[in-house]
Protein chains: 2
Amino acid sequence: MDALTIHEAAETTGWSPRMLRYVERVGLIMPRRSGSGYRLFGAEELQRLRTLRELLERRELGLSDVAFALRLRQDAELRDEVDQWLAATPERPEFVPAPDWLRWEQEKHSKLLAAAQRPNPTLMETR
Amino acid sequence: MDALTIHEAAETTGWSPRMLRYVERVGLIMPRRSGSGYRLFGAEELQRLRTLRELLERRELGLSDVAFALRLRQDAELRDEVDQWLAATPERPEFVPAPDWLRWEQEKHSKLLAAAQRPNPTLMETR
DNA sequence: ACAACCTTGACACAACCGTGTCAGGGTTGG
DNA sequence: CCAACCCTGACACGGTTGTGTCAAGGTTGT
């Protein structure tokens, strides 16, 4: 039948056999098995594996990231809880009144260099 | 004003000061800063921090998981790509015709124990 | 029957995550 | 002015991820 064994699948997908087993282990693929336990990769999973590979490196993801996304998708309750947490106060810097704190971010880059000749920095309002 | 410094915030949230800085670093909180750069935690972020703590341990999540969920939420394109990948062939074992492969999972637990007295295992259809 | 596959399990190892702790240096409040 | 904070950066360290490799044993095709 048109199904590849693990070494063949490895060659056409760019994963190593070792990694194909690992990808299965983290739950992202579940190739069917032959009667004697051999993994069999159909055309569909081969495509899926190529796509996954491409996605991971293009977006700098880890398998664990995608695995977590899968977990979110399968556990609606979890998804809601996480989403709800993220929803609270989603966007910041939450309009800071002082135009002063932005400098902080940039200052910290030059801070070390300028540390010597700075006698007394900003110093204002007590928290 | 009603805003706590990092040690005070640590005590009321259960995080250590070190971890509060870390949680900020991974992008899950962004406490505002005083004029001299001190982190200031308002009531809202304190609550958020307690909730986060609770969520993490109740669902066995890591900060990196929630950070990734945040990334997904903020990058719609990424979310779509990941979702689309997960959508393809979402549910398996994809109805296996042979009632035989289920045994595999259970067998492998007793396999080592039974290895000695098993002269010739299943052996059927050639992949 | 024998080479060339396949299986699981284990050791190994770099890179990262989550944490603590310490150093060097500013800030603050009494 | 001094103790008690705060800041960042660094070293350390156990745990997880991602990966290779090897061992012991079953399967397959010629």
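What share of the contacts in chain A with a separation of 6 or more is accounted for by residues 24 or more positions apart? The share is 52%, where a contact means that two C-beta atoms, placed from the backbone, lie within 7 Å.

Before we go on, a word on conventions. This is a predicted model, in which local features need pLDDT of at least 70 and side-chain atom pairs count only at pLDDT 80 or more, while totals for chains, interfaces and linings use all residues. Residues are numbered from 1 along each chain as its sequence is written, and chains are lettered from A and ligands numbered from 1 in the order in which they are written.

Confidence comes next. For chain A the mean pLDDT (the predictor's confidence in each residue, from 0 to 100) is 79, with 69% of the residues at 70 or more. Over residues 93-127 of chain A, pLDDT stays under 50, and the model has 20 contacts beyond four places in sequence for this stretch. Where pLDDT is low, the predicted coordinates should not be read in detail.

Chain A has 6 helices and 2 strands, in the order α-α-β-β-α-α-α-α along the sequence. Helices (H or I, at least four residues) and strands (E, at least two) are DSSP runs, numbered from the N terminus. Of its 127 residues, 14% count as buried, that is, with 20 or more other C-beta atoms within 10 Å of their own; 12 or fewer makes a residue exposed, and anything in between partly exposed, with C-beta atoms placed from the backbone.

Let's look at one helix pair. In chain A, helix H1 (residues 6-13) and helix H3 (residues 43-59) pack with their axes 9 Å apart, at an angle of about 45°. Axes here are lines fitted to C-alpha atoms, for helices over the stretch in contact, and angles run from 0 to 180 degrees between N-to-C directions. A:Ala9, A:Thr12 and A:Thr13 of H1(A) meet A:Leu46, A:Leu49, A:Arg50 and A:Arg53 of H3(A).

Further along, A:Leu63 is found in helix H4 (residues 63-74) of chain A. A:Leu63 counts as partly exposed because it has 16 C-beta neighbours inside 10 Å. Leaving aside residues up to four places away in sequence, A:Leu63 touches A:Val23, A:Val26 and A:Leu28.

Finally, visit the loop between H3 and H4 of chain A, where A:Glu60 lies. Phi of A:Glu60 is near 55°, a positive value in a residue other than glycine. Most residues other than glycine have a negative phi. A:Glu60 counts as exposed, because it has 7 C-beta neighbours inside 10 Å.
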